[in-house]
Structure formats: structure tokens, C-alpha cells
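Hello,

Please open it first, then read my notes below.

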Amino acid sequence: MSEAKISNYSEIGKLNTVIIHEPGAEMENMTPETAHEVLYDDILTLDLALREHAQLSGVLNKVTENVLEFKTLLPDVLEDPKVKLDLLQDVCALHGHNELVDDLMSFDAADLSTQLFQGTLLKKNTLERYISPSRHAIPPLPNAFFTRDAVMCVYDKTIIGSMAHRVRLTEALLLKSIFNNHPKLKGQGFHFDGTKRKSEQLTIEGGDLLVIRDDLLVIGYSERTSARAIDRMAEKLSLGRENLDIVVVELPKIRATIHLDMIFTMLDVDTVMNFAPLITGAGKCKAFHLSCTNGKINYINEYSGLPKALRLFGLELNFVNCGGDNPFSQEREQWTSGANFFTFAPGHVIGYKHNKATLEALNKAGFEIVDANDIITDKVQLPKGKAAVAMDGSELSRGGGGCRCMTMPVHRDAVNW
Ligand SMILES: NC(=O)NCCC[C@H](N)C(=O)O
């Protein structure tokens, strides 16, 4: 492991440091009517979600040196009164409730952290507030357990997300404060800080950004990540470099494909998981190649699909189909985050158990399927060869994401390509 705190040059290198978030009461802070406003497909049951999430953290703790918890990192930085004040001023200003800063400053670090995740109720002390449908002055963060999206470690620095939906903006502010101040993470700086964006047209979320190699990124142009933001990334990330290639995949702007990682994840040096209808099939998404040098785009080429564009860079990939070969199960399992695998070492991945046809396809592709609980209890050792750890996740997936969405890798070993 290198000395650097942040070092993330691939989607697959052996994982050393990762950030996750065990969901709290924020997850139930909605009604069926408001669920869609906070980007959920349905209301979830926290107890069930917690049992499932414990499998993710249990497995990661077996295979990774540093599993960091968002809800532990936050109170750590809030112990510093100056950091606490700066963050509260930003959060309260964002939601137009500057008057809450003093109140919130009186909380200790642990309680304030809980409060920030769970939200602060709107005092119904004026007629305008009384009749307002909003329950919260500072809204809760039910999507915080998708740690992938509001911050991205790319190479030796971070990108602070520029969130497409208002309900996720606070997450980016909290994570920025953590990456600026936490002894385990601070010091390497940002390529880009999305909380300072000047335009609502500039949005980028981590589910769309795949760090393939030190010279190659794949980015989804999606409901969440705008073309303007991708241009900005091309500029910022290629600064001081002879060459950076970015392949952009144009996603349908629909709920099932909010991010690229819902249809495409990398599993090994030569193997990817994909939702065939949009990646390899007849209706595959268009791809663009942006060739960049030192802050500028040299040229842009268009390709009929991602596989063809990736071949340019010597990536001859095996495509495992989410949902197997049957279009009916492909569609069902993509919806329940079947393509959204997290890779914690080359050929070692974790994903949801309920996506049976996907696991079968992985098995056919040479991955041994292992149960998460068996790894956690040491009943089974992680196989040396390719393996897919299967965890329960039917409740978690109803929040709209899978294992890649719930993990934010900070440090990985280099890959032996
Ligand atoms: N990378 C991902 O696809 N993350 C899942 C985010 C789901 C969350 N409910 C959202 O809509 O933002």
C-alpha cells in the first residue's frame, strides 16, 4: 500500500480504504407520497436494510484494511469548533435557514452528526411555515448510504459531487468538510469542487464516473451528469498530462439508468458486468471518445457503442450479462441493481443475492458464488480464483442502488494489467 491517503487508479485494484455509511433513522423519514421527492422508489424498512447492510460491511471488513464510516468521520471533524461553524453556515445557507446556525452549534459533535443525517424539523412558528408542506428546515439524507455519488476519489485527488437533485446537495458539503479536515483523508486536494458550481447545468455524480486506468476514464452522460460537467472534468483531470482519454456513454435519461454503474461495472482486468440491451445489444448507447492533453480536448470521435470505443485502448473485454441471456430477467434484474457490482480485488466482487440469473451468468463466466454470511463467519474462505460474494439486498436495492453505489473507494493497490 502506498503512503498516499488517496490513490485510486482503477475500478478493480485490491481495496485498502473505502467509505461506507450504515443507514440510520433518515431512511424512514418519508411517506409513500414523499419517497419519490427524496429519490426513493418506495418506503424502506430500516431494520431489514440494516441487516443487509451489515453483510456489506461485514464482508468489506474481512477483505479491507480500512473500512471508514461516513457517520464516524463526520463527528470526528465536527469536534473542531471552526470546522463545525463553517460547515453549519454552509448547510444552513444552502437551505435558507441561517437562523439555525446558533441552535445547531450547541449540539455536541455526535448529536450534531446524527441531526445532520436525520434532518432538522421546521419550527411551525409562523403562518407561512405552519401551512408549508415541508416538515424539515434542513432535510434528512436518506441517500447518504450511497456513498459513491457525492464524492469521487480519482487518481490522487477527489472530485466533490455536483449533485443533480437538491436533496443530495448536503451530502456533498459534509463529505467536502471530511476530505478537507479528517486526518485520515485530508491534504491531497480536489480536482473540482461541485459545491461551488456556478451553474445548475454542471452536474456530476460518482455513479457515472468509472476510473478504468491511469490514462482512461469512462463517464456516463446521464440524468445526473451533464455534458458541461464532463467537459470540465476533461479540462481539470488532464491538466499537466500528455494524455488522458475519456469515453463518454450517453444513457437514456430514465429512472432505471440514473447512473452508468447501473448498467456497467468492471469485475476484473478483462471482464465486465453489463446490461446488454444498452451496452452490447442492438439498442446500445452511443459512445464518444474525448482525447485530452493538458487541460484541452484535442478531438472527439463518436462510436456506435462502448465495447467498440474501449477496444481502441486495448481492452478486449468479456461481457457478462446482468440477468443472463433472457431479456425478461435482464430487465427485472437490472432494475434491482443486478449490474451494480463492487470489485474489491481483481476478479473478487460483491453484489446482490436476489439477482439469481445474474449470479448464474457470473458462475458460467468462471466466478465461484460465495454467500456473504459464510465469509463473515469464516465458514468459507474467499476463493483464490474469481469469486462473487452474494449478499442480501432486496430492501437496500429499493433505495435505488447496489454495492458499487454503497461504496466509495479511497485507496487501491495498482493493477497488474
Ligand atoms: N451510483 C448509484 O447508482 N447510486 C444510487 C443512488 C440512488 C439514489 N436514490 C438516487 O436516486 O440518487
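Helices (H or I, at least four residues) and strands (E, at least two) are DSSP runs, numbered from the N terminus. Residues are numbered from 1 along each chain, as its sequence is written. The model is predicted: local features need pLDDT of at least 70, side-chain atom pairs count only at pLDDT 80 or more, and totals for chains, interfaces and linings use all residues.

UniProt lists Cys-405 under "active site" in an unreviewed entry; its positions are given in the numbering used here, feature names are shortened, and annotations may be inferred rather than shown by experiment. Cys-405 is found in the loop between strand 19 (387-391) and strand 20 (408-412). Is Cys-405 buried or exposed? Cys-405 counts as buried because it has 27 C-beta neighbours inside 10 Å. (Buried means 20 or more other C-beta atoms within 10 Å of its own, exposed 12 or fewer, partly exposed in between; C-beta atoms are placed from the backbone.) Leaving aside neighbours within four places in sequence, its contacts (C-beta atoms within 7 Å) include Phe-146, Arg-148 and Asp-149.

Last, strand 11 (residues 264-268). Five of its five residues are buried, so strand 11 is largely enclosed by the rest of the structure.

Best wishes

Conventions. Two residues are in contact if their C-beta atoms, placed from the backbone, lie within 7 Å.
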